[in-house]
Structure formats: C-alpha cells, structure tokens
Amino acid sequence: MEQKLIYTTLLVGIVLQATQVLSAPKGKPLPAFLKVCQRDSPDLNSCARESFESLKPRLMDGIPELFIPPMEPLIVPEIKMDQDSGAIFLHSTYKNVKITGMSKHTLNDLKIDPSQFKFYVSMTFPKLHLESEYNIKGKIMMMPLLGDGQCFVDLTNITMHTEMIGEEYTQDGAIFLKIKDIKVKYDLQSVHMQLDNLFNGDKALGQRMNDFLNENWKSLAEEVRPLMTNVLEDIMRASVDKLFKAFSYDELLPKMKL
C-alpha cells in the first residue's frame, strides 16, 4: 500500500515534474480552440464544463499552450520519495515512469464562483497503469523492505475533489490571479502492484511482501494520507499558478460584452 501511495503520489510528482518542463508563453493569446466563458454569465458553470470536456481529445498529444504534457503515456524521468511517519519508513526512487489512463477521466463536477475567485473540480480516473524502474529501502510495520528492479501498479477508480480559492493582483495594468488556498481530497477503490526483484531476487520473500502490500494497502494508505494530500495540493497549485501567471483574469474569464 505504501507503494500504492507512493504511486498515487508518484502520479502527483509526475504531473508536477512534467508541467515544470513546459515554459509559459508570455504575451501569447489563449489558444483559439479553447472555449472562453464569461464570468458574469448565468451559464458560467455549464460553459466551463463544456470547455473542459472539449480539451479531452487533445490530451493524448498534450496541450503545451495550457502547460499540459502528452498524457498517453505520461512519462516522467525520475521521482524520489521519502516517507518517515507512523508504521512506514521508506526511501525510494522511481525512474522512467510511464503512466497510461490519464486521458480517460470522467469530469464529475466543475463549479466557478467568480465573486470569491473559487474553483471546484471533481474528476475520476477509472484505471491508471504505472510502470517504472524502482529502488526502495526501508520498513513497513517493522518489516524490512528492500529491492530494485521493475514495478507495475494498477489503480482503480481514483476520484479527486479539488477546491481552489484565488486572489487578484495587478501587473502591467492587468488583473491576474494566484492561488491563495487549495484543498484536495481523494478516494480510490483498489490497488494492485508487483515489485520485481525484492530482497536481492529471493522469489519466496518477494512474493510474500507483494502479497502483504496488496492485502493491506487500504490500512497502510491512511498512514500516508496527510503526505499524499500535501503533495497533491502542491502539484495542483504549481500547475494552476503557471496558467494564471501566463494569462490575465480578463483573458481566462472575461466579462460579458454589453
């Protein structure tokens, strides 16, 4: 399970590192294919959902204009994770991480409250498959965990609820937003994983540890939920702030023209 969290976080660190690669196109207008919604329209939320859904077919190849990397597969060169709390003490590194299934999400809800600069979005990923090279050393519930090799993880029905509150500031005569507060909650239905070459290739010990992780992921997940929540919030903040910094408030959510 720790591995499961490692990999949901992995998913987090993944988006964070992938979006950091894309540079902000300062001075460029919003892409023509993006449906722009008026912030004082009574149909703002419906328009926002339509705009969001219209981007889905483009996720395969990525949308550099909006700092979204190619999503199928989503590839991250390296992610490092350390966990030292409760029953878990682990140091781990994941290289050449490949994730599939990111673009096959379902938008559950999307709401915008312009008067408070509040944004809420709920999304579900039916299935994410992750593959990477790993190196891990530590303990789970006092049991040693040691290995390096290939790892494979399947996450089922991951739902994320994100609420962001922005604040405005003026730059070069234009109003921009930045994230003031962000809260992320997540749930998932199941996790299955396989870590190859645990304990220097001892197949019997390795299989027992994989069985343990798969059987106990739910209880172990609670040990790392605070860490996971913080990581997810940091990722969302970094990605959205980059978008807010590139385009003014009037470009992203203009007023209706009279």
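Let's start with a charged pair: Arg39 forms a salt bridge with Asp250, and their closest N and O atoms are 3.0 Å apart. A salt bridge here is a side-chain nitrogen of Lys or Arg within 4 Å of a carboxyl oxygen of Asp or Glu. The two partners come from distant parts of the chain, 211 residues apart: Arg39 sits in the loop between α1 (2-20) and α2 (44-54), and Asp250 in helix α4 (residues 249-252). Helices (H or I, at least four residues) and strands (E, at least two) are DSSP runs, numbered from the N terminus.

Before going on, please keep in mind that this is a predicted model, in which local features need pLDDT of at least 70 and side-chain atom pairs count only at pLDDT 80 or more, while totals for chains, interfaces and linings use all residues. Residues are numbered from 1 along each chain as its sequence is written, and side-chain values use heavy atoms, with hydrogens and water left out.

How buried or exposed are the two partners? Arg39 counts as buried because its relative accessibility is 16%, whereas Asp250, at 43%, counts as partly exposed. The cut-offs are under 20% relative accessible area for buried, over 50% for exposed, and partly exposed in between (1.4 Å probe, protein chains only).

In total, the model has 5 salt bridges. Another of them pairs Asp109 with Arg49, with 3.7 Å between the closest N and O atoms. Asp109 lies in strand β3 (residues 106-113) and Arg49 in helix α2, so this pair ties together parts that are 60 residues apart in sequence. Arg49 is partly exposed, at 29%. Glu78 and Lys95 form a salt bridge as well, at 3.8 Å between the closest N and O atoms. Here Glu78 belongs to strand β1 (residues 74-85) and Lys95 to strand β2 (residues 88-100), 17 residues apart. Through shared partners, salt bridges also join Arg49, Asp109 and Lys111 into one network.

Now for the cysteines. The whole structure holds 1 disulfide, a disulfide being a pair of cysteine sulfur atoms within 2.5 Å. Cys37 and Cys47 form it, with their sulfur atoms 2.0 Å apart. Cys37 is in the loop between α1 and α2, and Cys47 is in helix α2, 10 residues apart. Both cysteines are buried, and the link is left-handed, with -90 degrees about the S-S bond.

Finally, look inside. The largest nonpolar core has 67 residues, of which Leu128 and Leu155 touch the most other members. Such a core is a set of buried Ala, Val, Leu, Ile, Met, Phe, Trp, Tyr and Cys residues joined through side-chain atoms within 4.5 Å.
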